[in-house]
Amino acid sequence: MFGVGFGTVLAATAIGALNFNNNLALLLAFILISISLMTMFLAYRNQAGLSVLKIAAEPVFAGENALFQVLIRNTESRNRYAICSRWNTATEAHEGGVGDCRDFLPEETLKLNLKCETWKRGRLKMQAFAIENRFPFGLFKAWSILVPEAECLVYPEPAHNPPPLPRTGRGDHGKAQKGDGEHFHGLREYQPGDSLRRIAWRTSARHQKLFTREMEAPREEACEFNWYLTPARDVEEKLSIMTAWILRAEHHQIPYSLEMPTEALPADLGEEHRAACLKILALHEG
Amino acid sequence: MKAKRKIPVDTRSMIWVMATLAIALSVQLWRMPVWLIAATLAPFVWRLWSEKKGLKPLPTVMRVTALGVALLLLVMSYGNVFGRTAAVSLLAVMLSLKLLESYYVRDARVVVSFSMFLCATQFLFAQGLLMPIYGALVVATALIALAQLHRREAFVDSSKIPSLGRSAISELGFSFRILLLALPAALALFVLFPRWTSPLWGVPESSLDARSGLSDSMSPGSIQQLFMDDTAAFRVDFEGPVPSQQELYWRGPVLWEFDGREWESNFWSRNIEARKRPQDSDADYRYTIQLEPNERKWLFALDYPTQVPPDSTLTMDFQILRKKSVTQLFRYDMASDSDFADSPQLSQVLRQTALQLPEGFNPRSRELVSQWRQEIPDDRELAERVLRYFNEEEFHYMLDPPLLGRNTVDDFLFNTRSGYCEHYSSTFTVLMRMANIPARVVTGYQGGWFNEFGDYMLVRQSDAHAWSEIWLEGSGWTRIDPTGAVSPLRVQSGSLEAVSEPRHMLDFEWLRQVRNGIDVLQRSWNDWVIDFSAAEQAKIFEPLGISEMDPKRLVTVLLVVLGILAALLMPFILKIQGPMRRTPLQATWLRFLKRLQQAGVSSRPSKGAWTVALEAGEVLPADAPEIERITTLYNQYRYSPTPPGLKDFKQAVKGFRPGTKKEH
């Protein structure tokens, strides 16, 4: 919009100068006009030759914001200034218009984030978005619209007050479980919910990053999340409750198994198991 | 659709915005009365203070009050807001007040855009050599402000605007580079863009602003004021011979009516056209005059003009009056026939007008004149007698003569005996009328400085002069310059030579020479830039054999030229995005990566710092602790909120020699 306003002021200056044949004012107007036209080109060139490497999105729970990370590489040895990402359509889901904005050094690769509200579980297809810039004076905008293939997995929204965990299953017949225990199994990055007692403090200090010791021990006890045994009024509520249970079980480091009408996962614990279970819940049909 | 989000402006941008406006205002401020200057500058002070203290905008009531006060001051200063000066002052004050509510990017951009408009309006007042420098400064600062505001807008969601690592100086450098690159295209537009041959609407009536220059009245002291003014009145290009200094009487307003103190022009003489004028074929001198804008209607010429410029009339007393006042540089061709006899026959009415004197003034002079008249019956001899009187008695030619009483002529002749050209011409004319010889005062310019470099003559306001004309049987109106009788130097070498004392503190001969020399630049500037018009535009194509350029063809040529320019300049425009200076942190990190690469670790800059460190640790286990240390430092600095000193990081990288340690 600024470009239009600025253009109007320029036109007024030029017409006034032409009318009074005031050459200095006319020269000023013409200089500003040619600067403006030059910036149109500069804006285009500021963006040409950027390539989108990939788009990634971590799964989120329904109701949270999905964060699409667009990885962009500056393939040339010159700078890019204030390259921004923006949703192409300002629908309600994409409230907040402007996404992210970065300067790119030569051959630098950076992430531009795009946020999107979620309200229902399943696969969220990424909407069309634009990469744009208004370098150097905000007079002209150069943009390219991308229609991506990317999607974000949206888990069901965890129930706020789920019933207590169904601690029915026995875990001692399974294989040794990762989690609590005496025997050191390995290191992994700290996840929220990990017990503080199991943080590998010395290693963490060296790496400026928290690491958790993964222990293994035969489990005393396990939970069984059975679709048919979960008390709920409808499907979505059932999924919500099961989601909340999974989170809680992970939190308390209690192994859990999942049994759905179409699929079943044996009792286990840990990031992968959690993700696998949640994915089944997210994509449940019916 | 939701209304667009308002983006608050940051301090750095705001300072550049205010700098732009301040520079744009700087020229206008000189033209404003002191109270208005204060009113214009006050918002700057407040806005700076509010930026420093983080204050909120003033409440609407106070802003409206401030506007009211400013408007009141404006009307009190100018009486209205319709004159050119007043209108531009209004724009200046309003823009300055706009600062009070410029807390968002949008308002700041309005201020910057209109600052450039304000700059353009300044060219209505002056188009001298310094003005383009002023314009360039305004544009350069405005571009910085716009660039800053653009970054503010783009990074609105970031916690802070990433620095480009540029100083104010290099920001200015960037602006000037853009300006320079835009110049060729702008010049092409300037030369080739179709001009309007006549304005669509009138030039603002300028009678409300007075300019210096000769006027249609003369009282003691009025020309003397002009003597202090070194600005150019007009420039003359002679085709062929250049007249000698004594012949250079540039005729301006002719004054007929005297009320005892002040001379004024005569209504009829201004409105009746010359019945007979010299043949153009008899002209002795041909020349072109480039008249500086003076807001008046007189066009100056040597006696006697054989041509009349378009839209002008030649009056019966050979003043050339233009229909509209000269508000812009005006160029006209002129030729003069110095031997022409003006009115060999004088009508009774004119004779009466040229003899009119107020009753009851100057009794002593009357007595003296009637004494002379008895001795000398011949008119021409009587005039010579008066001149001899001026020459032989103790008369002085000087600035700041003593004031004259009610009987100005008596006072001058018998008491003060010192004065400037208007005193002499006025006194002489009155004495002639007393002797029943028709006489009138002519004002104009006398002399001129011939510029050898530029081969033209410069006539300054300080060359303003007044002389007399008496009507003699047979030869008609005859020029008599009584000043010459007192101070021959005035006529032979010019006004500055004739007065011995300097006019002001900085009035040195050498400085005047320098200024005269610089005037060549001014004239070229006038010729090539200021005076360029539709007519000049048409002349460009004459050598190519094209006499008529219609706008359509001009635009075609313009587009072709612009295309060529774009192609030629493209490599330079491409460079404008030039290297963004890496921050010291980035530079050091890249050096570290390079060292790793030399040691055989393949790494791409796209990888995260930790990935690089872990991979490198795999390849170079001996260096792993050092690699980890450096990476840790890098990450610390990278996310630290304040710009770090980096000393330890730089040293660590400097001392880093991967692959030199033996594995144990």
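Guide: In this predicted model, A:Q69 faces A:N113, a residue of β6(A). The pairing to which these strands belong is antiparallel and runs over nine bridges, between strand β3 (residues 65–74) of chain A and β6(A). Both strands are part of an open sheet of three strands, ordered β1-β3-β6 in chain A, with antiparallel pairing. The edges are taken by β1 (50–57) and β6 (109–117) of chain A; each has a single partner strand, so each is left with one side that has no neighbour in the sheet. From one strand to the next, the twist averages 25°.

Helix α1 (residues 2–19) of chain A packs against helix α2 (residues 23–47) of chain A at an angle of about 150°, and their axes are 8 Å apart. Angles over 145 degrees count as roughly antiparallel, which is why α1(A) is described as roughly antiparallel to α2(A). Their crossing is left-handed. On the side of α1(A), the residues involved are A:L10, A:T13, A:A14, A:G16, A:A17 and A:L18, and these meet A:A25, A:L26, A:L28, A:A29, A:L32 and A:I33 of α2(A). By class, this contact between α1(A) and α2(A) has ten nonpolar residues, two polar and no charged.

Two backbone details of chain A are worth checking on screen. A:A82 is not a glycine, yet has a positive phi of about 45°; this residue is found in strand β4 (residues 80–87) of chain A. The peptide bond from A:F135 to A:P136 is cis, with omega near -5°, and A:P136 is found in the loop that connects β8 (129–133) and β9 (142–146) of chain A.

β4(B) is joined by two bridges to strand β5 (residues 263–264) of chain B, and the two run antiparallel. Within that pairing, B:F258 has B:W263 of β5(B) as its bridge partner.

The domain assignment of chain B lists domain 1 (11–162), domain 2 (217–510) and domain 3 (584–654). Taken over C-alpha atoms, the centres of domain 1 of chain B and domain 2 of chain B are separated by 47 Å.

Next, the helix packing in chain B. Helix α1 (residues 11–29) of chain B and helix α5 (residues 105–122) of chain B pack at about 20°, with axes 9 Å apart. α1(B) and α5(B) are therefore roughly parallel, and their crossing is left-handed. α1(B) contributes B:S13, B:M14, B:V17, B:T20, B:L21, B:A24, B:V27 and B:Q28 to the contact, while α5(B) contributes B:A108, B:V111, B:V112, B:S115, B:L118, B:C119 and B:Q122. Ten of the residues in the contact of α1(B) with α5(B) are nonpolar, five are polar and none is charged.

α5(B) also packs against helix α4 (residues 84–98) of chain B, here at an angle of about 160° and with the axes 10 Å apart. α4(B) and α5(B) are therefore roughly antiparallel, with a left-handed crossing. The residues in contact are B:V88, B:L91, B:A92, B:L95 and B:K98 from α4(B), and B:D107, B:V110, B:V111, B:F114, B:S115, B:L118 and B:T121 from α5(B). The contact of α4(B) with α5(B) divides into eight nonpolar, two polar and two charged residues.

Finally, the two chains meet: 59 residues of chain B are in contact with 47 residues of chain A. On the side of chain B that touches chain A, α5, α6 (131–154), α7 (168–192), α18 (509–530) and α23 (624–638) each supply at least two residues. α6(B) gives the most, with twelve residues. By class, this side of chain B has 40 nonpolar, twelve polar and seven charged residues.

Note on methods:
Residues numbered from 1 in each chain as written. Chains lettered and ligands numbered in written order. Predicted model: local features only at pLDDT ≥ 70, side-chain atom pairs only at ≥ 80, totals over all residues. Axes fitted to C-alpha atoms, helices over the stretch in contact; angles between N-to-C directions. Helix = DSSP H or I, 4+ residues; strand = E, 2+ residues; numbered from the N terminus. Parallel < 35°, antiparallel > 145°, perpendicular 65-115°, else oblique. Left-handed = near helix turned anticlockwise from the far one by under 90°. Contact = placed C-beta atoms within 7 Å. Nonpolar A, V, L, I, M, F, W, Y, C, P; charged D, E, K, R; others polar. Pairing = 2+ DSSP bridges. Domains from an automatic or database assignment.
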